[in-house]
Amino acid sequence: MSSWNSVGMEVLYQVLGWVAFFAWSFSFYPQVFLNFKRKSVVGLNFDFLVLNLTKHSSYLVYNAALFFSPFIQRQYHETYGDKEMIPVAANDVAFSVHAVALTAFTLFQVFIYERGNQKISKVCISITAIVWTAAIVCLIVAWPKSNWLWLIDVFNSIQVGMTAIKYIPQAVMNFRRKSTIGWSIGNILLDLTGGVLNFGQMGVQSIDQHTLVNFYGNIGKTLLSLEVVFFDILFIIQHYVLYPVKRDENAANGYPILPTEAKHVAAA
């Protein structure tokens, strides 16, 4: 069985992992608090939330199964070698559980706060339905031969795919509105921090083990970090460079609003 070669590297791995966990976990709260204070979700794209829930649910299945199941861990070692460490840590599982809960709560806010004329698109509904139907089909295929490692890799692929597309609706919405109002930049800054630290955690494991297997053995985690960094940088450019926020005396509860949104806030 695999083990750490350096105690220092193991400690650094754990520290980076848990700091990334807290950064990513706290990244959900700025949006929740912003929605609460504005009593509005205008400016927050609903397709993003639905795709994000699918992404985190899939990632939870992968992380929990690989971390807790000795049978799947054995299949992993048979595939990648007995000396390879399981590429999922306790903080990965904790993050996934928290992410599903907070994303679901943010979706709940959509139903109780002012949302203007925004709604979930038919394209998003279709994508979500297709993804979960495919997941069920894969479960049926994997069941007879207990190909559970293959199945959780499917869920890992789903979360990578969802990460690749989930930000697009929000980025396009910001572009069309020429504003990021209603979309919390605090979420993005913490998300970027988590992505960088998560990638660093994997690098520490590779250095200690003298192998890159943990990068392609858990390709979902690798691509997740890269995708997060790319889109977060895009949102930072949108917020601070392309559509900088201008506060004015009509700002509701200390948060600036667009003139077109003023009637929604007043009604709330």
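Author: Let us start with one pair, keeping in mind that this is a predicted model: helix H1 and helix H8 cross each other in a left-handed way.

Reader: ok, and at what angle do H1 and H8 pack?

Author: Helix H1, which covers residues 7-26, packs against helix H8, residues 185-209, at an angle of about 160°, and their axes are 8 Å apart. Angles over 145 degrees count as roughly antiparallel, and H1 and H8 are therefore roughly antiparallel to each other.

Reader: which classes of residue make up the contact of H1 with H8?

Author: Sorted by class, the contact of H1 with H8 contains 13 nonpolar, eight polar and two charged residues.

Reader: what about H3 and H5, how do they pack?

Author: Helix H3 (residues 46-68) meets helix H5 (residues 90-112) at an angle of about 155°, with 8 Å between their axes, which means that H3 is roughly antiparallel to H5. The crossing of H3 with H5 is left-handed, and the residues in their contact divide into 18 nonpolar, seven polar and one charged.

Reader: switching to the surface, which residues form the nonpolar patch?

Author: The nonpolar patch on the surface is formed by Leu189, Ile233, Ile237, Tyr240, Val241 and Leu242, which together have about 550 Å² of accessible area.

Reader: and which helix gives the most to the patch?

Author: That is helix H10, spanning residues 219-242, which gives five residues to the nonpolar patch. Tyrosine 240, one of the patch residues, has its place in helix H10.

Notes
Residues numbered from 1 in each chain as written. Predicted model: local features only at pLDDT ≥ 70, side-chain atom pairs only at ≥ 80, totals over all residues. Heavy atoms only, no water. Axes fitted to C-alpha atoms, helices over the stretch in contact; angles between N-to-C directions. Helix = DSSP H or I, 4+ residues; strand = E, 2+ residues; numbered from the N terminus. Parallel < 35°, antiparallel > 145°, perpendicular 65-115°, else oblique. Left-handed = near helix turned anticlockwise from the far one by under 90°. Nonpolar A, V, L, I, M, F, W, Y, C, P; charged D, E, K, R; others polar. Patch = residues over 30% accessible without salt bridge, like charges linked within 9 Å, V, L, I, M, F, W, Y side chains within 5 Å. Areas by Shrake-Rupley, 256 points an atom, 1.4 Å probe, with all protein chains shown as cover. Salt bridge = Lys/Arg side-chain N within 4 Å of Asp/Glu carboxyl O.
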